[in-house]
Amino acid sequence: MNDNLHQLRCFGCGARISGAQARADFRCAECGDLFEVDYPGWARRGTPGLPNTDRPNPGALKWLWRERKCSSETLDNSGVWRFRELLPILEDFGHAVSLREGNTPLYALPRAGRALGMDQLFAKHQGMNPTGSFKDTGMTAALSVAHERGFEWVACASTGNTSAAMSAYAARAGLRSLVLIPEGRIAWGKLAQALDYGAVTCQLKADFDGCARVLTEIVRRAPIYLLNSVNPYRLEGQKTPAFEIAEAFDWNVPDHLIVPGGNLANSSALGKGFREMKELGLVSRMPKISVVQAAGANPLVRSFLESGGKRMEPVEAHTRATAIRIGNPASWRKAARVVTETGGWCLDVTEAEIAMAKAELGAEGLGCEPASAVTLAGLKKLRGEGWVHAGESVVLVLTGHTLKDADYTIEFHRGTLLSAEEAAGNEDKIARLQRNAHVVEATPEAVLAVMKGEEA
Ligand code: F0G
C-alpha cells in the first residue's frame, strides 16, 4: 500500500497510523473506534507540518476522468478506478482486481416525480453493478488491498450482498473466501451467488450482528483479511458514486441525496466522497444527505431522536428488507456526522411503505431490492413534511438489483407479503400496485379476455 500517500485516522480519537499498522479487526488500539482513510498530501498549501505537493488540481482531474471514458484500459473502464487519483490506496494499481464495476446509470423518475410534484427526481442505480449491488464498488478497493498485501483468505459477515461481491472478487483474484451469514435470513439470490463464486459459506444460527461478532474473533486468531465495512478501504471505493453523480450534474450536486441505512457504511462513504470533492474544489457544496432505515431496524433514527446522533443503543432488528436487518451498525458515528454536517435527515419507514415504494419503482421500469426502496418511501415522507421542496433536485441511491430477492416481489404481488395489520390503511393503494399472474386456459380467447379485463 502506498503509505506515503495515505494514512488511517481514527474517527474517535484522531490517532493516525499507517495502513500497515492496522489491526486485523480494523479497530483503533487506543479507543476501539473505526478508521478513515486520510490523504495528508491533499492539505492546502501552507498547512503547518504537512507537504502540499500532492493536492490534486480539480480542472485537470475533471478533464482526465472524462478522457478515460474513451480509453480501453481495464482500470479506466472501472467506474471506481477511473477516479484513482482520489483513492491512492495501492502501491501499484496493477494489483487492482476489477470486474468493470461502477459507471452505473442515473435514471430520471418521471412518474414517481410527478406523483410528488417534482421534476428533478433521479435514481442512481447501484444494482447495475457486476454482482448486482453497490458493494462491488467497495469490494474492488478493499479486496485489491488484500491482494496486494498477499493475503490468501478474505472474509465477511453479511446480509447477502457483501458476501456476493466479496466471493466474486476473491474468485477473480484467486483468493479463498469465507462467508458468514445469518441462517434463513438472507435472500436466495445472494446465497446462490456466494456458492456460485466458490466461497466457503457458513450459515450461523445468529443475526447479522452475531455473525459480525464471530468473525471479529476469527480474524484475530487467523491470518484472514476482513472485508466488512469496518475495513476503511471499502469506503474509498464506495465514495466513487458521489463523483459519478457530481460529474452527471456537470460538477454541481443535487440538493438531496437519499440513502438506505443498514450497517451505515454507504451513507458514510458517499458523504466522504462529497466532502472530499468540496475540500478539493471539485464542487462548491455538499447535497443534504438523508438516511432512511426500516422502522423495525432503526437504531440511527432512535439515536437522533434520543441524543441528536451522539449515542446509539443497539436494537433487535426485524424487517423483510433483509439487507438492512441490522441492529448494531458499525459505522453509525460516521453516518451521524454526514447527516448532521449536510443538514439531512434520518427517518424510518414501515414495511407497507417499503413494499409500495418498491412496486412503484418497478412500475417505472427500474426495480430494485426492498432495502433500496426505503429511499423513495423516505422521500415521500420528507415531501409530506415539507422538508424537500418541489423545485429541488433529488437523487435516490438504489443499492441492489430487483432479482436479488425475487421471493419478496412475488409475495407482494400475490398478496402474501404483508400481514393485515401491516397493510392497514393502505389496502387500496396496495391493491392498485399488485400485478399477480393470471392462470388461464391455453387459448388466445382466454388471454385476450385477461387483457380486456385489464383495460376495463
Ligand atoms: N441496501 C442493500 C441492498 C444492502 O445490501 C445494504 C447492506 C444496504 C442497503 C445498507 O448499506 O450497510 O452500508 O448502510 N448490506 C450489507 C451486506 C450489510 O452484508 O450485504 P450499509
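**A chat about the fold**

Modeller: Let me start with a right-handed β-α-β unit, made by β10, helix α10 (residues 265–279) and β11. Right-handed means that, with the strands pointing away from the viewer, the path from the first strand over the helix to the second runs clockwise. Helices (H or I, at least four residues) and strands (E, at least two) are DSSP runs, numbered from the N terminus.

Colleague: Before we go on, what sort of model is this?
Modeller: This is a predicted model, where local features need pLDDT of at least 70, side-chain atom pairs count only at pLDDT 80 or more, and totals for chains, interfaces and linings use all residues. Residues are numbered from 1 along each chain as its sequence is written, and side-chain values use heavy atoms, with hydrogens and water left out.

Colleague: Thanks! In which sense do β10 and β11 pair?
Modeller: Strand β10 (residues 256–260) pairs with β11 in the parallel sense, over five bridges. Two strands count as paired if DSSP finds at least two bridges between them. P260 stands opposite V292 in β11.

Colleague: And how many bridges link β11 and β12?
Modeller: Four, and that pairing with strand β12 (residues 346–349) is parallel. Here Q293 stands opposite D348 in β12.

Colleague: Why is β11 largely enclosed by the rest of the structure?
Modeller: Because six of the seven residues of strand β11 (residues 288–294) are buried. Buried means under 20% relative accessible area, exposed over 50%, and partly exposed in between (1.4 Å probe, protein chains only).

Colleague: Which residues of α11 are buried?
Modeller: In helix α11 (residues 299–307), they are P299, L300, V301, S303 and S307. Their cover includes β11, α12 (332–342) and β12. Just after α11, G308 has a positive phi of about 65°.

Colleague: New topic: K239. Is that lysine buried or exposed?
Modeller: K239 is buried, with a relative accessible area of 0%. You'll find K239 in the loop between α8 (232–238) and α9 (240–248).

Colleague: What does the side chain of K239 make polar contacts with?
Modeller: One partner is the side chain of E236, at 2.6 Å. Another is the side chain of E276, also listed at 2.6 Å. A polar contact is a pair of N or O atoms within 3.5 Å; within protein, one must be able to donate a hydrogen and the other to accept it, and residues adjacent in sequence count only if both atoms are side-chain atoms. Leaving aside neighbours within four places in sequence, K239 is in contact (heavy atoms within 4.5 Å) with residues including Y39, W42 and L86.

Colleague: Now the ligand. How many residues surround it?
Modeller: There are 20, and the closest are S158, G262, N263, L264 and T399.

Colleague: Last one: which residues touch the most other members of the largest nonpolar core?
Modeller: I89, L143, V154, L257, F274 and M277, out of 78 residues. A nonpolar core is a set of buried Ala, Val, Leu, Ile, Met, Phe, Trp, Tyr and Cys residues joined through side-chain atoms within 4.5 Å. Helix α4 (residues 135–148) gives this core its largest share, six residues.

Methods
Near = heavy atom within 4 Å.
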